[in-house]
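This report describes selected parts of one protein model. Please look at the sequence and the structure before reading on.

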Amino acid sequence: MTIKERGARVAKLAARSRCDADHHPHAHPPVDLDLHGCPCCAPVLHDMGLMSFPAMASATSPNAWKRLGSPPEAQAGTIVFSNATVMTVDDNFSVAEALAFRDGRIMAVGSLDDVKVAAGADAQIVDCGRRAVLPGFVEPHMHFFAIALMANMANVGALECEDADAVIARIAELAVKAKPGEWIMARQFDPSLQEGADRINAGALDAVSPNNAVFIYNASLHIGYCNSRAMEIAGLDASTPNPPGAAFVRDADGRPNGVLQGQPAIFKVLAHNLAAMKIESLPDACVSVSAKANRLGITTVCDMATGGFQGKGEVDAFHAFATSGHMTTRMRYSLFNAMADQWDQSGIAFGQGDAMARATGWKIVSDGSNQGRTGLQREPYLGRSDRGLAYVERDALREMVVKRALQGWQVIIHANGDQAIDNALDAIEAAYAAGVPREMRFRIEHCSILHDEQIARIKAMNVSPSFLIGHVHYWAKAFRDDVFGPEKANLLGRAASCGREGIRWTIHSDEPVSEMDPLRLMDNAVNRSVWKEEGSVLNPTERVSVEQAIVSVTRDAAWQCYSEHEIGTLEVGKFADFVILDKDPRAVPKEDISKLRVLETWINGRQVFAA
């Protein structure tokens, strides 16, 4: 069922929903600190947004975008790509040797002779040198404005720094270059992947930056690390009380040691660094995030938890960006349930927008993260008595899902733990019982731990999971050895099992949790290799084929965001969104998939990236 086909039904469902029970606001109770958690559910995002995007409302006016200049002109005439391996990724995964497009849409795919006839004598012929042409990649789950903000911070995560000592060395390098009074800002330190978290404190940071204030974000955004200069600026000393629901970790004398636990503690420091946290130009930030995606072959992104920074201002910004003509990635966004009252007042509805920017989902966060031990489990975590946390209790979740689905929204539920997934499926079942059509395409995000009986329910209920596949690669060792134990860790990211049951699934980055890169995602799904354990594989029976991985970041990702009628495959009539790779992913050794190079990215028949 496409967006157009759902129009009348959505109106009927919305009318019915007005008779439902009173709205239950998003429940986000105080929780234990999620040391290695997922920032997509963190209230910290809203606080960061208030500091970083103070002028978002005014920046959505057309005048704010004029400084970018005139938008690039559309490609003129007809272009034929010849001598190519054109993977259409249609239902048969057909492969053609040529493709033609004009006015932003595909007009022919097939043999070179047939395509040239369809294109006409005036068509421009481009020899692709046997390179691979695929549909533009779709990133099904990312956080657009979080990426924009963190672009200003140095990345000291596990891919950049081996351990805590390497992090400190990187801060030392930045301190040498810093101007007097300038803050040194860094992000992405992950104690579950980088050893030596106890060595990141004020003493170590003072040794390499005694004069410039230093602040480092933990990857979860729930913890920060700073030096003595930062604490001096913030007025923190032994007499400073802990903020409610947070803590300043202290040394034996009671003095804060630079480790800040919880958002209230973090913002006691960052409130004195508004200049460094501020995004000076919203248009430039938007262009930068889209350009980053284009370099990776991405032509469509799905922003999850839209409004977490600035409420409706984010929606306005997306549409202003699209109207400016400078948007080079299509935007499909899902509204954050935490801002439900604001969305209800705005009147925004499913399908609002156009081919460049469109509302497609309603995002509910039901639990935390498994690596942070706040994902809600059926059984206690390894070596512990707790089972994680329900950010939304079971009955409240059911009412939320029923209400929003009856309004016509595709409901998207963040659920990491197996009990959270049970609760999500129960809520979806209740929505069906209330009259929601089974074509609604409910999604479960991350969907980390799946038992066989849950896969059977997902199939029977026509639910579609999207896997944070980096859990399998980057965090497999932590899950296996520290969080769950080997048996339960094998239940992570069960894409192959879902595929065998005919379930449509996708894979995503959840950036800034892990970096956007569809080729890396494909590699993780195909190989399931364990990071830093050469030759180790997490449950090899869940490895998928290369073609399945391609489908998951193209055709099925487009389907998940109700865009299969316009993108996701290279078929006549669809938008000319595609990526050119140096080699066919099916023809290289599987372990080399992530080493493939994106040579060009095109959207609407216009080149937006060239290597």
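## Loops, helices and their contacts

N539 is placed in the loop between α22 and α23 (546-552); helices (H or I, at least four residues) and strands (E, at least two) are DSSP runs, numbered from the N terminus. The model is a predicted one, in which local features need pLDDT of at least 70 and side-chain atom pairs count only at pLDDT 80 or more, while totals for chains, interfaces and linings use all residues. Residues are numbered from 1 along each chain as its sequence is written, and side-chain values use heavy atoms, with hydrogens and water left out.

N539 is not a glycine, yet has a positive phi. N462, in the loop between α17 and β20 (464-468), also is not a glycine and has a positive phi. The table sets out both residues; buried means under 20% relative accessible area, exposed over 50%, and partly exposed in between (1.4 Å probe, protein chains only).

| Residue | Phi | Relative accessibility | Class |
|---|---|---|---|
| N539 | about 50 degrees | 15% | buried |
| N462 | about 60 degrees | 35% | partly exposed |

Another loop, between β21 (506-508) and α22 (518-527), holds P512. A cis peptide bond joins E511 and P512, with omega at about 20 degrees.

The protein chain as a whole has 24 helices and 24 strands. Of its 611 residues, 61% are buried. Among contacts (heavy atoms within 4.5 Å) with a separation of 6 or more, 74% are between residues 24 or more positions apart.

N370 is found in the loop between β17 (357-365) and α15. Its relative accessibility is 0%, so N370 counts as buried. Beyond its neighbours within four places in sequence, N370 is in contact with residues including G375, Y381, N416, S448 and F484. The C-alpha atoms of N370 and H471 are separated by 9.4 Å, although these residues are 101 residues apart along the chain.

Helix α15 covers residues 394-406, and its 13 residues should span 18 Å at 1.5 Å a residue; the end C-alpha atoms are 18 Å apart, which agrees. The expected span is 1.5 Å times one less than the number of residues. Buried residues in α15 include A396, L397, M400 and V401. Just after α15, G408 takes a positive phi of about 100 degrees.

How do α15 and α16 pack, and at what angle? The angle is about 45 degrees, with the axes 8 Å apart; axes are lines fitted to C-alpha atoms, for helices over the stretch in contact, and angles run from 0 to 180 degrees between N-to-C directions. The two helices α15 and α16 are therefore oblique to each other. Angles under 35 degrees count as roughly parallel, over 145 as roughly antiparallel, 65 to 115 as roughly perpendicular and the rest as oblique. Residues of α15 that meet α16 include R394, L397 and V401, and those on the α16 side include N423, A424 and D426. By class, this contact of α15 with α16 has nine nonpolar, one polar and three charged residues. Here Ala, Val, Leu, Ile, Met, Phe, Trp, Tyr, Cys and Pro count as nonpolar, Asp, Glu, Lys and Arg as charged, and the others, Gly among them, as polar.

Helix α16 (residues 418-433) also packs with helix α17 (residues 452-460), at an angle of about 25 degrees and with axes 11 Å apart. These two, α16 and α17, are therefore roughly parallel to each other. D418, I421, D422, L425, D426 and E429 in α16 meet Q454, R457 and I458 in α17. That contact of α16 with α17 has three nonpolar, one polar and five charged residues.
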